[in-house]
There are 6 protein chains.
Amino acid sequence: MQQPISSIIYCRTLIGSHSPNHYPFKLLKEYNIVTDKKSLKEFREFRQRMNQKIYDSGHLGIKRFFTLDTKAYAEGAIPVPMKELMGLVASMVLRCDDCISYHIVQGVIEGVSDEQFWEAFNIALVVGGSIVIPHLRRAVDTLEECRVLEEENPDELKLQSGNNPYSDH
Amino acid sequence: MQQPISSIIYCRTLIGSHSPNHYPFKLLKEYNIVTDKKSLKEFREFRQRMNQKIYDSGHLGIKRFFTLDTKAYAEGAIPVPMKELMGLVASMVLRCDDCISYHIVQGVIEGVSDEQFWEAFNIALVVGGSIVIPHLRRAVDTLEECRVLEEENPDELKLQSGNNPYSDH
Amino acid sequence: MQQPISSIIYCRTLIGSHSPNHYPFKLLKEYNIVTDKKSLKEFREFRQRMNQKIYDSGHLGIKRFFTLDTKAYAEGAIPVPMKELMGLVASMVLRCDDCISYHIVQGVIEGVSDEQFWEAFNIALVVGGSIVIPHLRRAVDTLEECRVLEEENPDELKLQSGNNPYSDH
Amino acid sequence: MQQPISSIIYCRTLIGSHSPNHYPFKLLKEYNIVTDKKSLKEFREFRQRMNQKIYDSGHLGIKRFFTLDTKAYAEGAIPVPMKELMGLVASMVLRCDDCISYHIVQGVIEGVSDEQFWEAFNIALVVGGSIVIPHLRRAVDTLEECRVLEEENPDELKLQSGNNPYSDH
Amino acid sequence: MQQPISSIIYCRTLIGSHSPNHYPFKLLKEYNIVTDKKSLKEFREFRQRMNQKIYDSGHLGIKRFFTLDTKAYAEGAIPVPMKELMGLVASMVLRCDDCISYHIVQGVIEGVSDEQFWEAFNIALVVGGSIVIPHLRRAVDTLEECRVLEEENPDELKLQSGNNPYSDH
Amino acid sequence: MQQPISSIIYCRTLIGSHSPNHYPFKLLKEYNIVTDKKSLKEFREFRQRMNQKIYDSGHLGIKRFFTLDTKAYAEGAIPVPMKELMGLVASMVLRCDDCISYHIVQGVIEGVSDEQFWEAFNIALVVGGSIVIPHLRRAVDTLEECRVLEEENPDELKLQSGNNPYSDH
């Protein structure tokens, strides 16, 4: 009997609100389970819809904060890829999975190499300690997923990026 | 073919243990998936059962801590709604989704307005920084869900409240 | 109609990447849902596979950090069970569910009694405050699950342990 | 022999850069040591000069952040004194002495009563745990100092306030 | 010309309110500066006076919290010295110097060996990361000072202990 | 009457153990107080002596951790100056003054420009929130001091660096 597709979407939607990019596609394949390539897209839509609501709330302070957040990683005296890695290291030592995923996506888009990611992972691990390890495991998983997406669906990867009005963090 | 109902309950139960009120009901509706209004009730039962076990453990210190926790938000020189918002801001800067959900439910019951919630969200965002954003998104989602519940099922909302012996946080 | 098995594995796999041991088996039984005892095993395999990837990355610093992490809890002037409880208290006040689960599993294997666990829970609660409560609820759930496993499937419990090359945290 | 006055100013200046309002005046009197009422003023000048430098750096993002910070506590749907207490509770659970001092000064100026301060202290203590206690002791000390200043030198207290361009936090 | 004694007391008093036991006595001796063995005693008096004020505030919740805090480290299923080390590790990963000093004093009184302290330091360092290093340096300094006090002035060391009504943390 | 020199050294020594580079030299000059350019050197000696003691303790795990810490910032796929800024941002969001000072010194030695420092400060401020502001003020103060030292005493600045066996963090 085939797995009902709505069940999969349902689960993804629920989990997606917590950790955008952590769907272990390969793992699923190993277990021979129906996979759905729309999951990352779905999360992006969720994040954008919530960000849109936050904008629509009309709270000026929050809107301006989002703008400051976006601009902090813009081109300047520090190259953008390095800024994304700074955001990544900060997110890892503060242990925020969503933020880690966000900066990995941005870093991949900005051309950060795997070797650079691993050096940044190492800095975060040394500064933040073993409490960072579970987040490191998920970060490695996310990075791997992004590399697959980079090859198979670069458009979706770009859509994940913050280079559009409502995609802060 | 209809989605088997047990699957939905199953997923909810698992996820419920992590973030009580974050079921994106509306999102589910958009995807035309069977929804189950008992989910919040189920989480409440989970939380209360675990709290009951904690009480039944007989550890006096922990029981007393729970009592202190409940009393900290009781009527006093500071109005209860403002105390709930203080608990909310503290939970946001410390980034605990369950605690955020708890104080939003309490705040809604105590009559906190949306405008007040947004000003408290803003304080938490400014004090805690962009690392708070993913929690803000979920907080906005939870608040929206509570407003729906407030209209459609106020009894369930009240049951979520801490005004009963085993519902601390 | 029977619940399609693939759906269950699917959900577990997704959630497993976040919180290994929190499957509320008993809760599921109460709702008369198909349960699958392989979940804990699946998480272990996930964790070990990710740890293996981290090792395979060839980053010497990270590999050495993992070794330091394992050795910190080895026999010495402080008995191992007490070291595991120190790791547990540290994980609770820093609020890392995966780390909490890890040290509970290790503690159960090392013969820590329930009374000792509860005293450690209490220290963590007092030091870390009410923000620890949601993690305490999940810790109690995990401890209960480990006690069940200890009786019904001690081999699986031992496999969860860190006494093999790639099982740090 | 009299205590050289420059020594006192010297020590104060150095320490002042870390914790503005914590000079235990009464303690000093008990030990019959020369006290200097200008210390609080000196800290204010230090803070304002550093803030001025931050403004003068010309970094637009940081300047705008300071503006957002100031506005977060402005009059709105939540009364200003309650906002200051929210900032205070957030600062206590995040354990930042300078921020705690800042919000206590602001709260005193905004008419927050001692009873309200103590209820906020209690919320912070329960949410944040015993790790907050050393900060609570200093907060009590600062509150006491502000009450003295309120009676003896209300102008200096007002100058401490954020109601001027360069006094954020 | 001799250093005026009141200046020393003055400095100590100010600094003492932040970090009780960190006076680097030996360092001072190397620089041939007048030292004052009363500093630790002075801090104790400060802490006890502030704790007394907190008690005198009449806030029942805070008083009860202090009681819970004291009892968490009382004899039970876990030996007291191990509980103190759990409090120490928690304080180190949360990076609170006053709490670290407190638990080192208690540990020394309870007979914790240097080897045990170092193993606990190591656990804290691995869990918490390099951000713990500055606190580790001060912890080593405090431990050394306590060992000196243990030999030269055991009564003062005991007075530092929490075994009296107002000496929580 | 001249300020007794021993008093100054005394105060510096005490404070130095907490925040190495924060002596507001210019502030002191404005108040026409005797300043002592050896303070930074004194702190370095303190830090190195404590690090030496930590090494001499013979705890292999801690020694190896220090080595990992040093190597994390070594030349690799990410340029050293960028790694120092990653360490700086991580230290700022985790709010550790000593670590902030350390990475500013390293960054200045590695040729990080003021503009780059300010962009890193901004990222830390946005990620970490207003709770970072007091540390930002001290960071600006430290940076300014390093720039003075860079011109007036470059040898002392280099000695502050971690390029010697016992100068981790």
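Student: Quick one to start: is Glu150(F) buried, exposed or partly exposed?

Tutor: Glu150(F) counts as partly exposed, at 33% relative accessibility. Keep in mind that this is a predicted model.

Student: Okay, and which residue does Glu150(F) form a salt bridge with?

Tutor: Its partner is Arg147(F), and the closest N and O atoms are 3.2 Å apart.

Student: How are Glu150(F) and Arg147(F) placed in helix H8 of chain F?

Tutor: They are 3 residues apart in that helix, which covers residues 133–152, so about one helical turn separates them.

Student: Nice. How many salt bridges are there over all chains?

Tutor: The count comes to 36.

Student: Let's look at a few others, then. What does Arg138(B) pair with?

Tutor: Arg138(B) forms a salt bridge with Asp98(A), with 3.3 Å between the closest N and O atoms. Arg138(B) sits in helix H8 (residues 133–152) of chain B and Asp98(A) in helix H6 (residues 97–109) of chain A, so this pair joins two chains.

Student: Are Arg138(B) and Asp98(A) buried or exposed?

Tutor: Both are buried.

Student: And what about Lys53(E), which side chain does it meet?

Tutor: Lys53(E) meets Glu144(D) in a salt bridge, at 2.6 Å from N to O. This pair crosses between chains as well: Lys53(E) belongs to helix H3 (residues 39–56) of chain E, and Glu144(D) to helix H8 (residues 133–152) of chain D.

Student: Buried or partly exposed, for Lys53(E) and Glu144(D)?

Tutor: Lys53(E) is partly exposed, with a relative accessible area of 26%. Glu144(D) counts as partly exposed too, at 23% relative accessibility.

Student: Which residues are linked with Arg138(A) in a network of salt bridges?

Tutor: Asp97(A) and Asp98(C) are linked with Arg138(A) in that network.

Student: Which three residues of chain D supply more of its buried area than any other three?

Tutor: Met86(D), Ile123(D) and Val126(D), which supply 26% of the area that chain D buries against chain B.

Student: What about charges there, how many salt bridges cross the interface of chain D and chain B?

Tutor: There are 2. Glu119(D) forms a salt bridge with Lys83(B), with the closest N and O atoms 2.9 Å apart.

Student: Last one: how many helices and strands are in chain A?

Tutor: Chain A has 9 helices and 0 strands. Of its 169 residues, 67% are buried. For contacts in chain A between residues at least 6 apart in sequence, 67% join residues at least 24 apart.

Conventions:
Residues numbered from 1 in each chain as written. Chains lettered and ligands numbered in written order. Predicted model: local features only at pLDDT ≥ 70, side-chain atom pairs only at ≥ 80, totals over all residues. Heavy atoms only, no water. Salt bridge = Lys/Arg side-chain N within 4 Å of Asp/Glu carboxyl O. Helix = DSSP H or I, 4+ residues; strand = E, 2+ residues; numbered from the N terminus. Buried < 20%, exposed > 50% of the residue type's maximum accessible area, 1.4 Å probe, protein only. Buried area = accessible area lost by both parts, 1.4 Å probe. Contact = heavy atoms within 4.5 Å.
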